[in-house]
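Dear colleague,

Please find below the structure that I am handing over to you, together with its sequence.

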Amino acid sequence: MSQHPVTIYPSREFKQNAREALKDGELRTSLRTAMDFLMNKRRSAFPDEDELQQLRKLGETIRQRCLAKLPSLLEQLEAQLTANGVKVHWAETTTEANQIIEELIASRQGKLVVKGKSMVSEETELNHHLEAKGITAVESDMGEYIVQMAGEKPTHIIMPAIHKTKAQIAKLFSENIPQTPYTEDVDELIQIGRNALRHLYMTADVGVSGVNFAVAETGTLCLVENEGNGRMCTTIPDMHIAITGIEKVVEKLSDVVPLYSLLTRSAIGQPITTYFNMISSPRKPGELDGPREVHLVLLDNGRSQAYADTQLRKTLQCIRCGACMNHCPVYTRIGGHAYGTTYPGPIGEIISPHLLGLENTADLPTASSLCGACGEVCPVKIPIPEMLMRLREESQRDANESVAHPLKGQGAARTTKETLAWRTWRGVMGKSRNYRLFGWTASHLRALTPVQQAGWTQNHVPMKPAPKTLHQLLKEREKH
């Protein structure tokens, strides 16, 4: 599909990635335009503040109730899907998930796969795994199709190619799709992409999709989309494989209605999407279309770690709307690639440490100004700033300290230098005598303050102790 090797931005190099992204003026212009548009659209989608807050509270309640029952709901979902004729597979790791899907495709001697949008398949890097096995997987979501053609990964969980200008897309299409003239007309570009994809649906051996909600009560897989490509992927090929994280299960069909409303309005400001697919079984006798086999792969990949801790469990409430990214002052300046993870932005900062371990993501929880915008716009009220603070604490915790629910990579950001600095700080601030001595010394030696103060002086004037301490000023005031 792509003529370019996939560009990887390791999450361990987040700071360097961010610096490079900030130098890219074209990227910043694209992000600023897109994010302003999305924020305005979301605002107009929730004109009634009272209704918004009631809906957010309802969404939070539903997600927390479903997560509290997660083990039993997963069992119920499997039983109901199995009764409906859908085969359920469990994968603890991304490797297991890819292996399961590869074997299912091989059972049909499949060589061509069309994919609907699925961030979990990005998490497992399914396309690259299949490519290595001689199987071609083509993304059918227009944004995913563009980034796959460019040899990139999605930069946003809802709008994968939001960082691309129409000129960049026009160049990609003219260079990669045969007999395609260069045009920057957006309608023409969309039509070119659709025409290029259309015949693939008819010839693909297997269709792969994600899942937005998996309903335990009825054994229904719900898929939200706007382009119709998801319906094509899940209907035309003889085999449909859905893949999702274990946290996507909801208890009742009625739970989907408010979550669906929150998702579409928070994501791109739409009351509803063009397509809402509900898949409950393979094709039944007498039906004219639909896949003859339907499979669901349920992936853990670190989600159990978040689930085990009652505070961090709130991370799993996420319904993948991307609103936190659209409103994050960090994401809107550096884009998703700088994070080096499947899920960028605020939600990525709190879920990626569970998927990849803190040893690979130690800088991500610090990629926030803690302004609170992400928590305020989250449709299911995930307290993202609190989660960030907790992960910062865990990344600094002694790796050998025994805790109830240790996180993978605990203590990854802990350094001797910083540990010593905090111990010194505690010694100074813990006793009034030490604090007064420190203040007196600092004010008298203020002339020796260094001009360069690590990262602070990149954007600020150097910090300098005041000529007199607060205690001195108060004493002088009392005299007058």
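I begin with a buried pair: both Arg-303 and Glu-247 are buried, where buried means under 20% relative accessible area, exposed means over 50%, and partly exposed lies in between (1.4 Å probe, protein chains only). Please note that this is a predicted model, in which local features need pLDDT of at least 70 and side-chain atom pairs count only at pLDDT 80 or more, while totals for chains, interfaces and linings use all residues. Residues are numbered from 1 along each chain as its sequence is written, and side-chain values use heavy atoms, with hydrogens and water left out.

Salt bridges of Arg-303

The side chains of Arg-303 and Glu-247 form a salt bridge, at 2.7 Å from N to O; the term denotes a side-chain nitrogen of Lys or Arg within 4 Å of a carboxyl oxygen of Asp or Glu. This pair links distant parts of the chain, 56 residues apart: Arg-303 is in helix H13, and Glu-247 is in the loop between strand S7 (239-245) and strand S8 (249-250). Helices (H or I, at least four residues) and strands (E, at least two) are DSSP runs, numbered from the N terminus.

Arg-303 also meets Glu-123 in a salt bridge, with an N to O distance of 2.9 Å. Glu-123 lies in helix H6 (residues 119-124) and Arg-303 in helix H13 (residues 303-308), so this pair ties together parts that are 180 residues apart in sequence. Glu-123 counts as buried because its relative accessibility is 10%; for Arg-303 the value is 1%.

Across the whole structure, a search finds 23 salt bridges. A network of them links Asp-309, Arg-390, Glu-393, Glu-394, Arg-397 and Glu-401. Within this network, the side chains of Arg-397 and Glu-401 meet at 2.9 Å, N to O. Arg-397 is buried, at 16% relative accessibility, whereas Glu-401 is partly exposed, with a relative accessible area of 37%.

Lys-408 is placed in the loop between helix H19 (384-396) and helix H20 (416-429). Because its relative accessibility is 40%, Lys-408 counts as partly exposed. Apart from neighbours within four places in sequence, Lys-408 is in contact (heavy atoms within 4.5 Å) with Gln-305, Pro-353, Leu-355, Leu-356, Gly-357, Leu-358 and Glu-359. The C-alpha atoms of Lys-408 and Ala-91 are separated by 19 Å, and these two residues are 317 residues apart along the chain.

Yours sincerely
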